[in-house]
Amino acid sequence: MTESSANKLLNGDVCHRSSSGKKSGKNGFVKNHCLFQQPQKYRRLREKNQNVTRNSSLYKKPFLESFEETPLLVAVLTYMGYGILTIFGYLRDFLRHWNIEKCHVAREREEQKDFVPLYQDFENFYTRNLYMRIRDNWNRPICSVPGAKMDLVERVSHDYNWTFQHTGKVVKDVINMGSYNYLGFAENTGTCADAAVEATHKYGVGVGSTRYEIGNLDIHEEMEQLVARFLGVESSMAFGMGFATNSMNIPALTGKGCLILSDELNHASLVLGARLSGSTIRVFKHNNMQSLEKLLRDAIVHGQPRTHRPWKKILIVVEGIYSMEGSIVRLPEVIALKKRYKAYLYLDEAHSIGALGPNGRGVVDYFGLDPKDVDIMMGTFTKSFGAAGGYIGGKRELIDYLRNHSHSALYATSMSPPVAQQIITSMKTIMGEDGTTLGADRLRQLSENTTYFRRKLRDMGFIIYGNDDSPVVPMMLYMPAKIGAFGREMLKRNIGTVVVGFPATPIIESRARFCVSAAHTREMLDTALEAISEVGDLLQLKYSRREQPLPSLAWMSEESLLQD
């Protein structure tokens, strides 16, 4: 969790001076993610150091993100917790080896020992001894619409989470703080649901064919034209699965002799697509423009390995909102670098489309940029639109090329007509083409809820990550024992949350991730915040010291700060 100043500078980060002219100390007490330095009465303590945006003229408003550094004691205790779990895990494996304790996990039979192992030892070790302890926090069955409130099927385990049995009871009216239902369109009543029902009566629930055979319906054409208009691009293409939109289309865009520059926190679908393409992949520090520029400069100067020929293509791959960090891409700077070094830009807006911008048109709209500056605009319908599938938008030549070369276009079954209708209706609502202000009201409500929820969590003393405008709100738990305890205690208070640990996050950066929705009322958020505060006190999760800012840092020496 901690790095030396030298390592941070090598990673592309920069030291900067405080308003008083005092240089940051080794432990980085004067750190921020602000777009430009503004006079401040107080400074936040211990925030992870990242690059300071130099091109402030590219932004129309302050760009504020925070990643508060892990307290040293918490980091040490977290390592100790995993160490204790590992020791007891090996002890339990020893007992299982001698059949003293029963093991439920899949293993090779005795006659298979001489063959290549089917199961990787460490991954199985983690599953057996760590994941199983807290497995009850995931895959909970929902028996209602996953809206602002939901109903959960109660289940119990009598063998320490290896198997579960349903009790027949239902936990009613659980406040849903985990779904990506940013605009509240995941509902079974209203105009979207009515339109989907009508489309089901007209077209049926499925097509049973690819679009290149007999699966291309007029509703698909209408949807793609609407998506292109919504994004402000020439053309667009829809796919039945968001994951496949990335993993199957990136290989169609790049290949051998091409270079992909990928953010280190990109989604698994982007990583898989890059690997399947056969292109050379180089990873830059998350949202770090110095790191990206260095890779671009080196790529142009040195070219391909061994031959030093110029790269056929250089593709920069980033996301709009990073779903585990809650951070927003520094898109104006990425576009500036892309133009300077003649690269291409692939933007994944799975979490940002519909959730950001005054018109809900994603991170491009949020920064007030021209959609034409983004070569490939990708997004999903699974979150803000309450549907399923994904899309790619861009120039007409790009979309025509993908229609003939993308595996997900040639071999995948057409999107279900009711799903397509859900997308059309929800998108028209956001655009205001339904003749109401419902879309604008939901966009405003989402922004207000996000600001309120984030501010309250900070005031309580929790360490939260991400951008102030991001509806994805990660709250740090750190210690392995607190992952399961937090999820269980929140459910006892009728709050449904998502807790995340390794391998979805670094092993000592476990967190709870809240997703704010326009469907949440202020009363729901207050109820959730009260429960979070209670559980935070119970589990001692209020690590942050931001709620007690120092009156001034100008007169304090580095030694006194270290002592404090």
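**Figure 1. Proline 417 is a buried residue, its relative accessible area being 0%.** The views in this and the following legends are taken from a predicted model. Proline 417 counts as buried because the limit for that class is a relative accessible area under 20%. The residue belongs to helix α13. Beyond its neighbours within four places in sequence, proline 417 is in contact with Ala199, Tyr203, Gly204, Val205, Gly206, Val207, Leu217 and Ile219.

**Figure 2. Helix α4 packs with helix α13.** Helix α4 spans residues 191–203 and helix α13 spans residues 417–431. The axes of the two helices are 8 Å apart and form an angle of about 145°. Their crossing is right-handed. On the α4 side, the contact is made by Thr191, Cys192, Ala193, Ala195, Ala196, Ala199, Thr200 and Tyr203. These residues meet Pro417, Pro418, Gln421, Gln422, Thr425 and Ser426 of α13. Eight of the residues in this contact are nonpolar and six are polar, while no charged residue takes part.

**Figure 3. Helix α9 is largely enclosed by the rest of the structure.** This description holds because seven of the 10 residues of the helix, which covers residues 331–340, are buried. The buried residues are Leu331, Pro332, Glu333, Val334, Ile335, Leu337 and Lys338. Lysine 342, which follows α9, has a positive phi near 60°.

**Figure 4. Threonine 380 is a buried residue of strand β9.** The strand comprises residues 376–380. Threonine 380 has a relative accessibility of 5% and therefore counts as buried. Its side chain makes a polar contact of 3.3 Å with the side chain of threonine 382. A polar contact of 3.5 Å also links the side chains of threonine 380 and lysine 383. When neighbours within four places in sequence are left aside, the residues in contact with threonine 380 are Gly242, Ala350, Ile353, Phe385, Gly389, Gly390 and Tyr391.

**Figure 5. Three strands form an open sheet in the order β12-β15-β14.** The pairing within this sheet is antiparallel. Strands β12 (472–478) and β14 (498–500) are the edge strands, each pairing on one side only. From one strand to the next, the twist averages 25°. Helix α14 (residues 438–460) packs on the sheet and touches β12 and β15. The direction of α14 makes about 20° with that of β12.

**Figure 6. Strand β15 pairs with β14 and with β12.** Six bridges join β15 to β12, and three bridges join β15, residues 510–515, to β14. Alanine 512 of β15 stands opposite methionine 475 and opposite valine 499. Six of the six residues of β15 are buried, so the strand is largely enclosed by the rest of the structure. Ser510, Ala512 and Phe514 point one way from β15, whereas Arg511, Arg513 and Cys515 point the other way. Both sets of residues are buried, the arginines Arg511 and Arg513 included.

Technical notes. Residues are numbered from 1 along each chain as its sequence is written. This is a predicted model: local features need pLDDT of at least 70, side-chain atom pairs count only at pLDDT 80 or more; totals for chains, interfaces and linings use all residues. Side-chain values use heavy atoms; hydrogens and water are left out. Helices (H or I, at least four residues) and strands (E, at least two) are DSSP runs, numbered from the N terminus. Buried means under 20% relative accessible area, exposed over 50%, partly exposed in between (1.4 Å probe, protein chains only). A polar contact is a pair of N or O atoms within 3.5 Å; within protein, one must be able to donate a hydrogen and the other to accept it, and residues adjacent in sequence count only if both atoms are side-chain atoms. Contact means heavy atoms within 4.5 Å. Axes are lines fitted to C-alpha atoms, for helices over the stretch in contact, and angles run from 0 to 180 degrees between N-to-C directions. A crossing is left-handed if the near helix is turned anticlockwise from the far one by less than a right angle, and right-handed if clockwise. Ala, Val, Leu, Ile, Met, Phe, Trp, Tyr, Cys and Pro count as nonpolar, Asp, Glu, Lys and Arg as charged, and the others, Gly among them, as polar. Two strands pair if DSSP finds at least two bridges between them.
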